[in-house]
Amino acid sequence: MTVAAIKEKIHLFIDNASDDKIKAVYSMIENDLDENTSNGYSEEFKRELDRRIFEHTNGISKAITSKESKERIRQILNSRK
């Protein structure tokens, strides 16, 4: 079953479920919901972005162009053949 089909089934379930079933499902996923902010990003993900920005702005890491990135990927893929 595809993810899209699963999402559709879940939506249908939620739309037609009793209050008790909704509360039961919510209790199972509550922690995951609490980890996400209104923008959908977890605190861990935001910390990682902050770390990367810090490293880039302080010269610790170096950005590369999309052309360089594509070439690196091409080299990696070619080395696996």
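Mentor: The protein chain exposes about 7700 Å². Carbon and sulfur atoms supply 55% of that area.

Trainee: How many of the 81 residues count as buried, in percent?

Mentor: Burial is judged by relative accessible area, with under 20% as the cut-off. Here 2% of the 81 residues count as buried.

Trainee: What secondary structure does the protein chain have?

Mentor: Count the elements, then read their order. The protein chain has four helices and zero strands. Along the sequence the pattern is α-α-α-α. The chain is more spread out than a compact globule, because its radius of gyration is 21 Å, well over the 12 Å that the globule rule gives for 81 residues.

Trainee: What does the C-alpha trace span along its principal axes?

Mentor: About 55 × 35 × 15 Å.

Trainee: Which helix has the lowest mean pLDDT, and which the highest?

Mentor: First the general idea. Where pLDDT is low, predicted coordinates should not be read in detail. Now the case. The protein chain averages 88, and 93% of the residues score at least 70. Among the elements, helix H2 (residues 19-35) has the lowest mean, 85. Helix H4 (residues 66-79) has the highest, 94.

Trainee: Take a residue in helix H2, asparagine 31. Is asparagine 31 buried or exposed?

Mentor: The cut-off for exposed is over 50% relative accessible area. Asparagine 31 has 59%, so it is exposed. Asparagine 31 and arginine 80 are 49 residues apart along the chain, and their C-alpha atoms are separated by 40 Å.

Trainee: Where is serine 42 placed?

Mentor: Serine 42 is in the loop between H2 and helix H3 (43-57). A polar atom of the serine 42 side chain lies 3.1 Å from the backbone nitrogen of phenylalanine 45. Serine 42 and alanine 5 are 37 residues apart along the chain, with 25 Å between their C-alpha atoms.

Methods. Residues are numbered from 1 along each chain as its sequence is written. This is a predicted model: local features need pLDDT of at least 70, side-chain atom pairs count only at pLDDT 80 or more; totals for chains, interfaces and linings use all residues. Side-chain values use heavy atoms; hydrogens and water are left out. Helices (H or I, at least four residues) and strands (E, at least two) are DSSP runs, numbered from the N terminus. The radius of gyration is taken over C-alpha atoms; the globule rule is 2.2 Å times the number of residues to the power 0.38. Buried means under 20% relative accessible area, exposed over 50%, partly exposed in between (1.4 Å probe, protein chains only). Accessible areas come from the Shrake-Rupley method with a 1.4 Å probe; for residues, only the protein chains shown count as cover. pLDDT is the predictor's confidence in each residue, from 0 to 100. A polar contact is a pair of N or O atoms within 3.5 Å; within protein, one must be able to donate a hydrogen and the other to accept it, and residues adjacent in sequence count only if both atoms are side-chain atoms.
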